[in-house]
Amino acid sequence: MRMYDIIIKKRNGGVLSEEEIRHVVTGFTNGDIPDYQMSAFLMAVYFQGMTDEETALLTEAMANSGERLDLSVLPGVKVDKHSTGGVGDKTTLIVAPIVAACGCTVAKLSGRGLGHTGGTVDKLESIPGTRTSLPKEEFLDVVRRTGIAVTGQSGNLAPADKKIYALRDVTATIDSVPLIAASIMSKKLAAGSDCIVLDVKTGSGAFMKTVEDSIRLAEKMVAIGVHNGKKIAALITDMDIPLGYQIGNSLEVEEAVRTLQGDGPSDLTEVSLALASQMLHLAGKGDLASCEQLAREAIASGAALEKLAAMIEGQGGDPDYIRHPERLGKAPVCAEFRAVEDGYITKMDSEGIGIAAMLLGAGRETKESIIDPLAGIILEKKTGDPVKKGETIARLYTSDERKTEAAGKRMQEAVAIGAEAPEKRPLIYARVTEQGVVR
Ligand code: URA
């Protein structure tokens with residue numbers, strides 16, 4: 001079998017066989033297929049797409065390219081969630097402890113942030129002492145003791161995805177529905193949970209800019225999960241404006257803790273409760289309404305906050321930072337971003353704000369960049385809010401004063417003020433399951 005023939009077949013719109021897809025994935029992972037041929041193949045997939053069958057085969061080949069975690073050694077129903085990536089999205093820190101407090105088992109592998117999006121691993125590392133690269137046995141042991149652990153992905157989990165993703169990143173082939181679906185689902189299958197809830201973001205700060213594209217992606221991923229015997233559902237949620245008011249690692253931990261104390265912003269609370277209810281529902285804890293009630297009770301009783309504290313302690317961190325998140329502190333330099341005229345905020349472009357946070361030190365421009373855990377942005381206003389000239393819209397925190405200028409410029413481009421309040425966008429657009437799409 002020749003890679004050249006497979007590239008031609010896909011380039012001309014052909015449907016690849018299981019053998020051909022396996023040849024591509026194993027050949028590229030073990031180094032037999034060079035980057036230039038894989039790049040051509042990815043671009044052919046980008047333009048020609050893949051059938052559901054091809055996408056499922058690609059996912060399986062990628063999931064089987066390395067170790068697959070066997071979570072059957074853990075008690076209870078194992079539930080996982082995945083977000084396609086966003087700005088200010090700290091829902092894992094809220095949702096995972098809620099469902100663990102309700103009796104589910106959460107053994108979750110998370111990623112780091114890149115570019116304008118944040119990652120849970122970086123947020124956890126902003127809590128002093130917290131370890132995020134636990135060896136497998138230790139990871140399973142923390143879950144056995146506390147019901148929950150969230151760690152970084154080991155290099156041996158879906159290694160094909162790691163290599164393919166790096167190539168997609170530099171060949172303009174990220175935003176392809178079959179490639180994103182296979183990338184996410186290969187990791188989810190290899191991570192071994194019984195139930196998976198996907199948070200598919202839509203809007204300016206997301207890979208999928210329109211609701212229809214986000215639904216198409218969700219449908220593909222749900223179909224792959226069902227085909228592999230998983231209980232799976234997806235929510236399409238808004239990422240046109242950042243989620244919550246705080247962006248940046250320790251700032252997001254602080255806001256997540258406040259949400260677990262019942263005092264979080266309404267958008268973040270609503271999305272977190274919706275995700276937690278879906279996870280509890282898939283785990284067999286009742287219908288969606290009673291699962292939402294369970295999630296609310298886990299917050300009101302303090303049980304969810306204590307789960308997060310137990311997890312942090314299990315992973316070597318100081319749980320006192322969870323009970324008193326103000327101890328995390330903020331970066332020493334604070335620049336105010338102010339309104340230049342009276343009016344309403346008509347746009348707060350998530351991607352631009354994510355880039356501004358990255359420029360302040362909260363994110364990575366390249367994989368090698370060093371994160372400043374205390375850097376980031378606190379929004380004082382959001383889309384739809386009235387503002388007066390000179391009023392503070394956001395506070396920019398950094399440890400390096402020189403970074404405020406570039407970040408401030410990005411904020412100017414990301415935020416628009418107009419004479420009329422814009423129409424309010426929904427937070428949750430649709431739910432996608434095996435049964436179909438409910439809008
Ligand atoms: N997240 C992933 O893990 N993979 C993609 O392709 C896109 C988002």
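Here's a quick briefing on the overall build of this chain, one of its sheets and a lysine inside it. Keep in mind that the model is predicted. The chain holds 17 helices and 14 strands, and 57% of its 439 residues are buried.

**Overall build**
- A compact globule with 439 residues would have a radius of gyration near 22 Å, and the chain's 21 Å agrees with that.
- The C-alpha trace spans about 65 × 45 × 40 Å along its principal axes.
- Take the contacts between residues at least 6 apart in sequence: 77% of them join residues at least 24 apart.

**The five-stranded sheet**
- This open sheet has mixed pairing and runs in the order β1-β4-β5-β13-β14.
- The edges are β1 (79-83) and β14 (436-438); each has a single partner strand, so one side of each is left without a neighbour in the sheet.
- On average, neighbouring strands here are turned by 20° against each other, ignoring direction.
- β13 (residues 428-433) and β14 run antiparallel and are joined by three bridges.
- Val432 has Val437, in β14, as its bridge partner.

**Lys382**
- You'll find Lys382 in the loop between β9 (376-379) and β10 (386-387).
- Lys382 is buried because its relative accessible area is 6%, under the 20% cut-off.
- A polar atom of the Lys382 side chain lies 2.9 Å from the backbone oxygen of Pro242.
- Leaving out residues up to four places away in sequence, Lys382 touches Ile241, Pro242, Leu243, Gly244, Tyr245, Asp267, Ile345 and Met348.

How values were computed:
Residues numbered from 1 in each chain as written. Predicted model: local features only at pLDDT ≥ 70, side-chain atom pairs only at ≥ 80, totals over all residues. Heavy atoms only, no water. Helix = DSSP H or I, 4+ residues; strand = E, 2+ residues; numbered from the N terminus. Buried < 20%, exposed > 50% of the residue type's maximum accessible area, 1.4 Å probe, protein only. Polar contact = N/O pair within 3.5 Å; in protein donor to acceptor, adjacent residues only side chain to side chain. Contact = heavy atoms within 4.5 Å. Pairing = 2+ DSSP bridges. Axes fitted to C-alpha atoms, helices over the stretch in contact; angles between N-to-C directions. Rg over C-alpha atoms; globule rule 2.2 N^0.38 Å.
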